[in-house]
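I opened this notebook page to keep track of what I looked up. The entries follow the order in which I went through the model.

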Amino acid sequence: MGLLSDPNRRRALISMLTRLNAPICVVCYLAGVAWFMGLAFEPFTLRTYMSENAMGSTMVEERFPAGERALATGREFAAHKNKVGGMPVDWLVKTMQDRGLEVFTQSFSRTLPFPDENKERYIVKGTNVYGILRAPRAPRTEALVLSAPCSPGDNNQAVGLLLGLAQYFRNQIYWAKDIIFLVNEHDLIGMQAWLEGYHHTNTTGMSWSPLQGRGGSIQAALTLELSSDVITSLDLVLEGLNGQLPNLDLANLFYAFCQKIGVLCTIQGKLQRNDWDSVSGYSHAVQTMMLMVMKQASGRPWGDHGLFLRYHIEAATVKGINSFRQYKTDVTTIGRLLEGMYRKLNNLLERLHQSYFFYLMPSLSHFVSIGYYMPAFGLLAVILLLRALDLWVQLATPPSRTEDGIADIDQQSSPGVLSVLTPLVISHLTGVALYTLPIHFQETAVEHFPVSETEAVVLTAIAIYTAGLALPHNTHRLLSGEGTEQGWRVLKLVAVLYLAVLLGCTALINFSLGFILALTLVPLAAFVTPHVPKVLSAFILVILSPACTLLFSVFFFQELQEMPVSFQDGWLLYLSVISQGILDHSLYGSLVYPLIALLVYPCWLLFWNILFWK
Amino acid sequence: VYAAAPGTSAPETMVPSSVPQPKDDFQEELVIRPLHSGDIYASFQFRTLWDTDFMRDNKVSHYRLFPKSLGQVISKFSVRELHISFTQGYWRTMQWGQPFISSPPGAELWVWFQDSVTDVDATWKELTNVLSGIFCASLNFIDSTNTVQPSASFKPLGIGNETDHRFLRYATLPREIVCTENLTPWKKLLPCGSKAGLAVLLKSEKLFHSSFHSQAVHIRSVCQDRQCKTTSWELRQTLNSVFDLHTSGQGKREWSLFKMFSRTLTEACPLASSSKLYIDITDNSQGEQFELIPATSLLSQAVVLGDRRTFSVYDLTQETTFGSVRSLNLLIRWKSSECDMLRPLLHAERYVAGYGLQTGEIHTLMYNNHPYRSFPVLLLDSVPWYLRLYIHTLSVTSKGKDNKPSYIHYEPSKDRVRPHLLEMLIQLPPNSVTEVTVQFERALLKWTEYPPDPNHGFYVGSSVISSLVPSTVAMDTNSTQERPLFSSFFPCKEESSYFVRIYTEPLLVNLPTPDFSMPYNVICLTCTVVAVGYGSLYNLLTRSFQIEEPNPGLAKRIANVIRKMRGVPPL
């Protein structure tokens with residue numbers, strides 16, 4: 001590559017990059033956004049296909065007959081649930097035993113760091129019941145899981161169907177993997193307790209009783225949510241903890257069986273349409289994809305399956321939806337669908353690994369793989385590198401020839417380590433405060449202000465976040481001398497590279513989160529200097545800050561779900577989203593809250609610092 | 001009995017009559033135990049005894065009941081004792097109780113060699129290859145990486161004083177799948193094959209429709225008589241299987257020989273000196289659990305696994321057993337339908353804890369459900385080298401307290417050469433769970449070392465728990481009341497404890513696995529990175545660049561000379 005070895009050409013290249021820096025950045029940004037929007041356009045995407053041979057070519061017959069009986073069991077379950085006022089443990093144990101399963105229970109308890117107002121729980125105690133169908137002539141090395149949460153109001157039909165399937169599966173000879181039928185209480189908390197118990201780990205400080213029976217390493221899992229006797233469509237939920245997704249073959253399997261049996265299937269609650277060439281068809285695909293991006297970026301599990309993914313178990317939630325469509329499906333059909341899926345999963349020789357783990361789905365039959373969506377992010381990230389190059393060149397060349405040489409040398413050596421390190425350290429300390437204080441100070445806050453614990457946590461978080469904006473002045477007091485022209489350039493160079501690394505890593509793990517953060521943070525990182533109009537820039541900076549991004553995302557998400565909210569409701573929703581984010585972190589180990597508080601927010605503060613550089 | 005063997009009578013006449021022929025004897029029996037859960041446990045045992053010595057005179061060439069293929073193996077490889085089992089499925093102790101003979105899932109082979117063998121490893125290697133051919137199994141995959149020499153767990157079951165474990169080899173293949181091709185050679189070892197006697201029931205299409213299947217061959221030397229001056233060789237072929245109520249019952253709770261095996265019994269093996277069918281009716285003394293058709297008045301009592309059991313006996317050598325239809329189709333009709341979990345005195349389970357592909361932890365749980373007696377167990381763990389055990393993290397706890405093993409024998413693994421071997425003697429306190437945990441790190445294999453289907457995972461064989469368990473007969477106060485007082489003062493009786501060997505489930509562990517479809521991409525990417533990125537960077541770092549003035553042309557040189565003379569700077 002003579003381009004870099006040849007000093008002349010290198011100089012020419014660099015001068016072109018610095019001269020045309022701003023236009024190139026603008027073009028890159030627009031191209032990145034355009035690329036992303038193009039991903040939903042059907043001709044640019046791939047059709048889904050089954051990669052796993054063991055599931056693709058083998059034929060299975062579905063014969064599950066007992067849908068009505070399953071519904072009756074579901075009603076019985078509901079009656080017992082109402083009588084006990086919670087999980088009818090004894091009834092479930094007995095029913096599962098009658099169906100020939102090995103039945104075990106697990107009790108767990110967990111005190112939340114602060115009350116969860118959405119689900120109205122604080123001190124959670126519960127019991128999981130699970131039955132293992134032992135596969136004949138199998139050495140207990142592999143298992144599949146079918147689970148149904150026992151929630152207070154609904155989901156009785158799911159438990160009924162689960163028990164019906166257990167009875168039917170028990171009479172079949174062809175199983176090669178143990179099948180675990182799990183009914184978990186308190187949805188995700190129960191699931192977390194069960195998974196931690198099964199793998200004997202404790203990541204979140206929950207207390208649970210050890211499990212008595214196991215089935216070896218779990219290969220795949222499905223969670224069932226049904227709330228009515230007849231449904232119109234089945235919705236597939238894939239997004240799990242920290243934006244992890246199950247292998248695409250699991251989605252393909254679901255889609256293949258929906259096609260085979262003739263059940264309407266949706267993803268993100270959206271049917272797929274054939275009119276991709278029309279504007280409405282395209283915007284439908286964009287909506288579906290954007291919903292997936294928003295859900296994935298939130299980093300929370302969108303169904304009980306989401307917690308399996310941490311243990312490298314492919315899992316998805318199948319949700320029955322009863323809307324006002326004409327098309328009706330009964331429980332027998334859903335049972336046949338699940339039977340077919342389990343028989344194919346039973347045929348697996350290896351774990352699901354052939355297909356993609358990183359993808360976006362604009363519809364259930366099309367997907368965008370990592371190779372197609374990464375350039376969109378890359379185009380945004382390259383802006384940061386270009387700006388960094390520009391700054392580097394500016395720092396390396398003497399600023400002007402009018403000044404004398406001695407002053408020049410003075411200026412270049414003056415931005416010491418301290419002037420860069422101080423804002424870095426201070427903004428990170430603010431981040432640490434944002435991460436730790438809200439939960440620790442809730443009691444103090446509740447004593448002094450007329451708020452509930454949850455409100456106290458959320459409002460403390462917002463208060464610390466806002467207080468961080470006052471930092472530039474404090475930083476300057478700590479600085480030994482005046483901030484120099486070189487000083488802010490060095491600081492900005494550091495901040496831009498820091499942001500590039502941060503976003504790059506985030507996008508590799510959770511593309512959606514990385515992309516949304518890049519959309520807002522990259523422009524401000526690109527334009528901010530101490531010389532732009534202060535008030536206007538400060539306003540833009542605040543608008544593009546992570547907290548405001550979250551606020552807009554809440555409204556945008558509601559808009560996408562076709563449930564627009566007023567500003568008042570949106571604000572309340574925003575507050576609850578913050579509290580949920582903090583809870584997700586402490587209950588399940590979601591990483592979004594620490595990422596924002598400890599890394600993204602301090603990085604944003606650095607740019608805020610540059611704006612107010614004196 | 002000799003005359004009954006038609007094919008062998010001709011060579012026999014050649015032998016001078018003064019030399020006494022070595023005596024041999026064949027017995028067959030089938031035990032059927034209706035299990036607590038409604039399933040049926042059928043256990044076949046075929047025993048061939050032969051008063052010969054393979055070692056003294058190598059010229060044993062005349063075989064009658066004893067299979068020649070095994071006899072030659074014994075003499076060629078100087079085998080003292082050989083135990084081999086093929087099992088498909090895992091014995092569910094919690095539902096089925098203890099089996100008569102236990103075996104781990106997959107294939108298990110352990111052999112004691114005579115002390116005359118000089119190179120045990122080479123003999124072992126050769127033996128496994130020969131057995132692999134005899135039983136049509138992948139025993140040739142036994143090599144040094146999965147062979148261990150247990151120091152205490154596997155003692156010889158036959159006679160002999162030498163117990164130097166240098167002559168013992170033990171190996172398991174947990175991934176081995178057992179099917180018809182293993183059953184056929186096994187059946188061929190029987191004197192009657194599968195043509196007569198109990199072996200007619202062994203039809204593979206039904207036998208492999210069960211919940212559990214295990215077939216084994218045990219060879220050992222036993223005493224010929226009370227004085228034990230001479231020894232004879234015993235070959236025991238066992239086959240255990242459990243038939244599932246749910247998958248084959250079709251709603252009806254009844255069993256028959258025909259339903260289980262799709263055959264009925266019509267005769268005993270003519271070569272057998274005894275041929276019996278036992279039904280365990282201990283729990284059914286008043287006929288409250290199941291009904292047995294045809295009924296028999298012949299009863300037999302025996303202490304099996306520390307428990308006094310009663311059996312109905314059908315003697316197949318008697319004509320009357322088969323009745324007027326000349327066939328025996330035993331029918332068991334269930335009356336009650338309770339299926340609670342059992343609480344066997346000793347059971348164990350094992351699992352891998354943790355997540356991620358870097359480290360993990362093996363947990364082994366051992367339950368002692370005896371209400372007041374503690375007993376010691378010997379735990380044997382053989383872990384492949386690619387799970388690197390952190391032996392300093394080994395911990396044994398029972399009832400929340402540290403339980404120090406009184407004996408530990410640990411042989412560290414050697415990469416690609418030999419597995420870890422861990423043997424411990426642990427005292428299990430009464431009514432407790434003892435947990436043995438040890439952490440491990442998953443090794444990164446070389447890319448050619450991965451087996452086919454690497455994402456399936458890697459197997460770790462079952463741990464073996466051998467123990468002398470206090471028997472329930474000793475616990476039973478009712479039976480002691482019936483006996484004379486002078487006989488029951490000391491609880492220590494011959495049958496006060498019994499030997500049990502149980503196996504935990506094998507483990508399936510995922511190792512970090514490369515994506516094998518990627519080499520092409522990797523090659524392309526690496527080449528590009530090396531060529532473009534590394535090459536130019538290396539250039540930039542190691543060379544210093546200077547702008548070299550191009551050689552000026554003749555005109556320019558002349559012009560410069562003129563300019564120099566004029567005192568003007570050159571071009």
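My notes below cover a sheet, a glycine, a domain pair and some salt bridges.

**Entry 1: the sheet in chain B**

I noted at the start that this is a predicted model. I then looked up the strand order of the sheet in chain B. It is an open sheet of eleven strands, ordered β5-β6-β4-β3-β7-β8-β2-β1-β10-β13-β12, and the pairing is mixed. Which strands stand at the edges? I found β5 (147-148) and β12 (299-304) of chain B there. Each has a single partner strand, so one side of each lacks a neighbour in the sheet.

I reminded myself that strands of a sheet pair through backbone hydrogen bonds, either parallel or antiparallel. For a parallel case I took β1 (residues 24-34) and β10 (residues 274-280) of chain B, which pair over six bridges. Within that pairing I looked up B:Leu30, and its bridge partner in β10(B) is B:Leu277.

**Entry 2: around β4 of chain B**

Next I picked β4(B). Is this strand mostly covered or mostly open? It is mostly covered, with eight of its eight residues buried.

I checked its partners. β3(B) pairs with β4(B) in the antiparallel sense, over eight bridges. B:Phe86 stands opposite B:Ala107 of β4(B). β6(B) also runs antiparallel to β4(B), and six bridges join the two. Here B:Trp110 stands opposite B:Tyr170 in β6(B).

Then I looked for a helix against these strands. Helix α4 (residues 120-135) of chain B lies across β3 (79-88), β4 (106-113), β5, β6 (168-173) and β7 (212-223) of chain B. I recorded its angle to β4(B) as about 135°.

**Entry 3: A:Gly160**

I moved to chain A and looked up A:Gly160. It sits in helix α7 (residues 156-170) of chain A. Is A:Gly160 buried or exposed? It is buried, at a relative accessible area of 0%.

I listed its contacts, leaving out residues up to four places away in sequence. A:Gly160 touches A:Ala70, A:Thr73 and A:Gly74. I also checked A:Gly160 against A:Gln272. The two are 112 residues apart in sequence and 30 Å apart in space, C-alpha to C-alpha.

**Entry 4: two domains of chain A**

On the domain 1 side of chain A, A:Pro113, A:Phe114 and A:Asn242 lose the most area to domain 2. Together they account for 34% of what that side buries.

I counted one salt bridge between domain 1 and domain 2 of chain A. I also looked up the salt bridge in which the side chains of A:Glu562 and A:Lys270 meet, at 3.3 Å, N to O.

**Entry 5: salt bridges elsewhere**

The structure holds 33 salt bridges over all chains. I looked at a few.

A:Arg273 forms one with A:Asp275, with the closest N and O atoms 3.1 Å apart. A:Arg273 is partly exposed at 36% relative accessibility. A:Asp275 is partly exposed too, at 28%.

B:Asp280 forms a salt bridge with B:Arg309, the closest N and O atoms being 3.0 Å apart. B:Asp280 lies in β10 and B:Arg309 in β13 (residues 307-315) of chain B, so the pair ties together parts that are 29 residues apart in sequence. B:Asp280 is buried at 4% relative accessibility. B:Arg309 is buried at 10%.

B:Asp415 forms a salt bridge with B:Arg388, and the closest N and O atoms are 2.7 Å apart. B:Asp415 is in the loop between β20 (407-411) and β21 (420-428) of chain B, and B:Arg388 is in strand β18 (residues 387-398), 27 residues apart. B:Asp415 is partly exposed, at 35%. B:Arg388 is partly exposed, at 28%.

Salt bridges with shared partners join A:Glu102, A:Arg134, A:Arg140, A:Asp178 and B:Glu505.

Terms used: Residues numbered from 1 in each chain as written. Chains lettered and ligands numbered in written order. Predicted model: local features only at pLDDT ≥ 70, side-chain atom pairs only at ≥ 80, totals over all residues. Heavy atoms only, no water. Pairing = 2+ DSSP bridges. Helix = DSSP H or I, 4+ residues; strand = E, 2+ residues; numbered from the N terminus. Contact = heavy atoms within 4.5 Å. Axes fitted to C-alpha atoms, helices over the stretch in contact; angles between N-to-C directions. Buried < 20%, exposed > 50% of the residue type's maximum accessible area, 1.4 Å probe, protein only. Buried area = accessible area lost by both parts, 1.4 Å probe. Salt bridge = Lys/Arg side-chain N within 4 Å of Asp/Glu carboxyl O.
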